[in-house]
There are 2 protein chains.
Amino acid sequence: MRTRQILQDGSGTPERPQEIRGAKVVRLGQQSRAKAAVGADAEAIYRRILSAIIEHRLAPGRKLVEERLAAVFGASRAMIRQVLTRLSHEMVVTLVPNRGAFVAEPTVEEAREVFEARRLIEPALARKLALSATPAQLARLRELVAAEEKARAQRDRQQVIRLSGEFHLEIAEMAGNAILARQMRELTLLTCLIIILYDSPVGRACPEDEHRRLLEAFAQRDQDTAAALMLHHLDHVEQSLDISLAAQDDDDLERIFS
Amino acid sequence: MRTRQILQDGSGTPERPQEIRGAKVVRLGQQSRAKAAVGADAEAIYRRILSAIIEHRLAPGRKLVEERLAAVFGASRAMIRQVLTRLSHEMVVTLVPNRGAFVAEPTVEEAREVFEARRLIEPALARKLALSATPAQLARLRELVAAEEKARAQRDRQQVIRLSGEFHLEIAEMAGNAILARQMRELTLLTCLIIILYDSPVGRACPEDEHRRLLEAFAQRDQDTAAALMLHHLDHVEQSLDISLAAQDDDDLERIFS
DNA sequence: ATAAACTTTTTTGTCGACAATTTCTTGACT
DNA sequence: AGTCAAGAAATTGTCGACAAAAAAGTTTAT
C-alpha cells in the first residue's frame, strides 16, 4: 500500500502548524509489513493493534492487558496506555475503570444507530463526490474495488471487510469535508466490528458488485444515482445482518439478568 | 451504577464488559459551582477546562501549559495530560508534538464543513424527535429556551452561546441515537468555538425565536416543519458568520507566509 | 461438596524523576 | 541597528516505581 498524503486521523487536525506532524496517513489499519519486534512509536503500535482488531485477530470482547502488549511491542506500559486511550476515543476499544481495555462489542442497538448515521451522511458524500471526482480519484477507487474483488474471489473474508471499509472511507475523504471524513472513519471502523459480530455466515451475498456500480455512477457524474446506490447499498448491508441481529437476542441472556 | 457480572471463559479471554462507560453525563461544560481549588479527578478538571473554553475565558489559540494547569487544579501533570488528550480527541484542543496544547482555532474551511455536517444530521434528528418527544422532554427543552432567552435579555453573550449549544445537543440526545448524539456533541462544541471566532459583533440577530418555533413544531409532532426549521436555522446561523468569514482572510497573513 | 473468608497474584492507576526538545535570553559580529 | 549563535530556562515526552484495585487461588467451616 502506498502512503498517501491526506490530513486526517483521530487525534485532531493540526490547526495552525499545518505540516510538522508525523504526516503518516492511517487508514483502516493495514498491517505493517515490517514485523519490527522492537522499537516502536505510538503510531506504529496503534496501527498494529487496529489492524489486528479489524482483521479479527483480536476478537470483540477480548481483553487487552497492558503489560502483555508492552512486552509484545517492546514498549513501555505508558505508551500502550496512550494507544489504548486513543482507540477507546475512537470507540474501537472499551475502557472500563479498574478493569482494563477490551475490544469493543457494539450492541445490536449501536449497530442500528451506526447504519442510521451512515444513511444520513454517506449518500450526501456520494452526491458530492459524483460532482467532483477527478480521474486520479476514480482510478484509486477502481484499484480498491479490484483488490476487494480479488480478495472476495480468494474467500479472504477479513480482507474483504477491511477493503470494503477502506472503499467507503476513501469516498468520505475524497468528498472534501474533513470533519465528515473523520466521523465516517469512526463509523466505518465500528461497521467492521459489527460485521464481524453479526454477520450471518449463511446469507453471504452482500455488496457483490454494488461498489463497482457506485463507482460507475461517480465516473458518469450522476449524482442522483450515486446517492441512491449508496443508500441502497447501506440498506443491503444492514439487511444482511438482520438475521443474526435477531439471533443475537438469545445470546443476551446474561445481560437480561443483571 | 451497577457492576455487571462478567463471564470469563477459561481458554481464550472473551469477556463482555458492556456499558459501564463513563456514566457521568457531561454537557457543554457548565461551570461547577464548587471552586474546589484542591483534590480533583480527571472528570472535574475536564469539565472545568471545557467550561472555560466554551465560555471564552480561554480564547482560541491560547496555549495550555501543563504544569501551570497542574498547579491551578492541584493535580499531577500526568492527570492534566490525560485531560488534554481527551480534549484533543474531541477537537476542542489541538495537540502539537513537542509544542504543547492549544485551544483549537477552527479554520474558515472547517467552519463550513461543520455546518455542512450539521445540515445533514440535525434536520433528521429534528424529524425523529418531532415524532417521539415526550412531555417531559418538551418541558426540558422549554426550560433551556427560557434560560437562553433570559441570558439574551441580559446580554450575556457567552451564556447564550453555551445554552444555545446545549439546546441543540439536548435535541440530539433525545432523538434516540447515541452514536449521532456523540457526533453532534463534537459538532456543537466546535460550533461554539466557531461562533466565538467568527461572529460579527455587528449583525447580531441570530436565532432570536427560532429555537422556540422549533420547539413548537416538536410539540405539535410536525416532522416536516421541524426538519425545515432546523435546516433554516442552521443556514441562518452560518449566514450570520459569513461577513467575518471574509474579514478573517486578512487575519490570515501569518498563515499565508509560513 | 459448597460457600464464605482470607491470602496471594495479577493488573490497573498515579506519581515523581529524568531526558529531549523548544523557546527565550544574552552576547558577539557585520 | 540587525542578524545570527550559543547558552539558559522553560516545557514536553518517557519511563520505572509504588499504591490501589481486581482476579485467582486457598483454606476453613457448615
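A crossing of two helices is left-handed if the near helix is turned anticlockwise from the far one by less than a right angle, and right-handed if clockwise. These legends show a predicted model, where local features need pLDDT of at least 70, side-chain atom pairs count only at pLDDT 80 or more, and totals for chains, interfaces and linings use all residues. Residues are numbered from 1 along each chain as its sequence is written, chains are lettered from A in the order in which they are written, and side-chain values use heavy atoms, with hydrogens and water left out.

**View 1. H7(A) packs against H7(B).** Both helices (DSSP runs of H or I, at least four residues, numbered from the N terminus) span residues 178–198. Their axes, lines fitted to C-alpha atoms over the stretch in contact, are 12 Å apart at about 160°, on a scale from 0 to 180 degrees between N-to-C directions. H7(A) and H7(B) are therefore roughly antiparallel (angles over 145 degrees), and their crossing is right-handed.

**View 2. Chain A has an open, antiparallel sheet.** Its three strands (DSSP runs of E, at least two residues) run in the order S1-S3-S2. S1 (63–64) and S2 (93–96) each have a single partner strand, so one side of each lacks a neighbour in the sheet. S2(A) pairs with S3 (residues 100–103) over four bridges; pairing takes at least two by DSSP. Val96(A) has Gly100(A) as its bridge partner in S3(A).

**View 3. Arg86(A) lies over the face of Tyr46(A).** The distance to the ring centre is 3.6 Å; the cut-offs for Arg are CZ within 6 Å of that centre and within 35 degrees of the ring normal. In chain B, the charged end of Arg86(B) sits over Tyr46(B), 3.6 Å from the ring's centre.

Technical notes
Angles under 35 degrees count as roughly parallel, over 145 as roughly antiparallel, 65 to 115 as roughly perpendicular and the rest as oblique.
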